[in-house]
Structure formats: C-alpha cells, structure tokens
Amino acid sequence: MVAFAAGYFFPHDAKPTRTMTVTAYCNCERCCGWHLDEAGVPVFSGGPLKGKPKEIGITASGKRTTAGTVASSPTGLPLGTLLYIEGEGVFRVEDRGGGLQNDQLDMWFPTHEEALQWGRQKRRVTVLGNQKNQ
Ligand SMILES: [Zn+2]
C-alpha cells in the first residue's frame, strides 16, 4: 500500500475494506444498454441519455475501457477510486452503471463470454484511495 501513499486520498466516507458483489460487463449492447438507431448510429437505449449517441467503449470518466476498469453505481464510489479486489488485482472506478447497487462493482471484460463466465461473485474489496488528477 506504500506505493499508493503519495498523491492519493481516502474518500472520507469510504470504509477501507468491505465485501462487495462483483458482476461483469463488456462493451456490448446487452451489457451497456445501447442499440443502433435507424441511421446505424449507436445510441443509449434508456436512462437520462436515451436516444443520444453512445461512444462504444468510452467510460463515464471519458477513458477507454481496459483491463482494470470497474463501474460503480452513480451514488457509489467516486470516479477515480482505486480499489484492490481480492484475488484479482488493482482496479479503478472509471464507469457508472445505473442498475448497480452501492455495494456492487461491475468489472469490465473484453468479451461478453468472459463477462458471463465471471457471473456474480462476492469479493473483499479494499479502497486504496483516489487518483485526483487523472
Ligand atoms: Zn456484454
């Protein structure tokens, strides 16, 4: 944890370690709630951005989904929160999932098959801090 000491802070409401439900998603239309409109443009299927163009594979924080990306509920952990997920490694909250609970994380996978394989697992999750300027 020493490596994370400089430049990070603990969100004051965050409990450092807790058990969370970890689900999985990929960039596909089923996982991310989008579809192609009549013009063939990917658009959001629901939520506040319904009908608005959706850039596939771009997270709520504006980054490209990659290994280490997780999504939290809109009222859950702040974007930029660094987490250690027991048995999996270090992840950063880069994305938002409207259907997620506050004690739930959605872990990104490159394919839908891998996301299905993960399914739904309970894991110990440690909040390492928050990367402020990323
Ligand atoms: Zn998917």
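**Strands 6 and 7**

I started with strand 6 (residues 81-85), which pairs with strand 7 in the antiparallel sense over four bridges. For me, two strands count as paired if DSSP finds at least two bridges between them. Strands here are DSSP runs of E with at least two residues, helices are runs of H or I with at least four, and both are numbered from the N terminus.

**What I am looking at**

This is a predicted model: I take local features at pLDDT of at least 70 and side-chain atom pairs at pLDDT 80 or more, while totals for chains, interfaces and linings use all residues. Residue numbers count from 1 along each chain as its sequence is written. pLDDT is the predictor's confidence in each residue, from 0 to 100. The protein averages 89, and 87% of the residues score at least 70. Over residues 1-7 the pLDDT is below 50, and beyond near neighbours in sequence this stretch has four contacts in the model. Where pLDDT is low, the predicted coordinates should not be read in detail.

**The overall layout**

I found two helices and nine strands. Along the sequence they follow the pattern β-β-α-β-β-β-β-β-β-α-β. Next I checked contacts (C-beta atoms, placed from the backbone, within 7 Å). Among contacts with a separation of 6 or more, 66% are between residues 24 or more positions apart.

**Strand 5 and its partners**

Strand 5 pairs with strand 7 in the parallel sense over four bridges. One of the pairs I looked up is Thr69, whose bridge partner in strand 7 is Arg92. Strand 5 also pairs with strand 8, in the antiparallel sense, over two bridges. There I saw Ala71 opposite Asp106.

**Strand 2 and its partners**

Which strands does strand 2 pair with, and in what sense? With strand 9 (residues 120-131), strand 2 (residues 17-25) pairs antiparallel over seven bridges. Val22 stands opposite Gln121 there. With strand 8 (residues 104-108), strand 2 runs parallel, and five bridges join them. I wrote down two pairs: Ala24 stands opposite Met107, and the bridge partner of Tyr25 is Trp108.

**Buried or exposed?**

My cut-offs: a residue is buried if 20 or more other C-beta atoms lie within 10 Å of its own, exposed if 12 or fewer, and partly exposed in between, with C-beta atoms placed from the backbone. Of the 134 residues, 24% count as buried. Strand 8 is largely enclosed by the rest of the structure, because four of its five residues are buried.

**The core**

In soluble globular proteins, nonpolar side chains tend to be buried together. I looked for a nonpolar core, a set of buried Ala, Val, Leu, Ile, Met, Phe, Trp, Tyr and Cys residues joined through C-beta atoms within 7 Å. The largest one has 18 residues, and those with the most contacts inside it are Val70, Leu83, Leu105 and Met107. Strand 2, strand 5 (69-72), strand 7 (89-96), strand 8 and strand 9 each give two or more residues to this core. Strand 2 gives the largest share, four residues. I then followed Val70: leaving out residues up to four places away in sequence, Val70 touches Leu83, Phe91, Val93, Leu105, Asp106, Met107 and Trp108.

Gly97 lies in the loop between strand 7 and strand 8. Why is Gly97 classed as it is? Gly97 is buried because 21 other C-beta atoms lie within 10 Å. Its contacts, not counting residues up to four places away in sequence, are Ala71, Ser73 and Asp106. Gly97 and Ser72 are 25 residues apart in sequence, yet 6.0 Å apart in space, C-alpha to C-alpha.

Gly119 sits in the loop between helix 2 (112-118) and strand 9. Gly119 has 9 C-beta neighbours inside 10 Å, so it counts as exposed. Thr23 is 96 residues from Gly119 along the chain, with 5.9 Å between their C-alpha atoms.

Pro110 is in the loop between strand 8 and helix 2. With 13 other C-beta atoms within 10 Å, Pro110 is partly exposed. Pro110 and Thr66 are 44 residues apart in sequence and 7.6 Å apart in space, C-alpha to C-alpha.

Key:
Contact = placed C-beta atoms within 7 Å.
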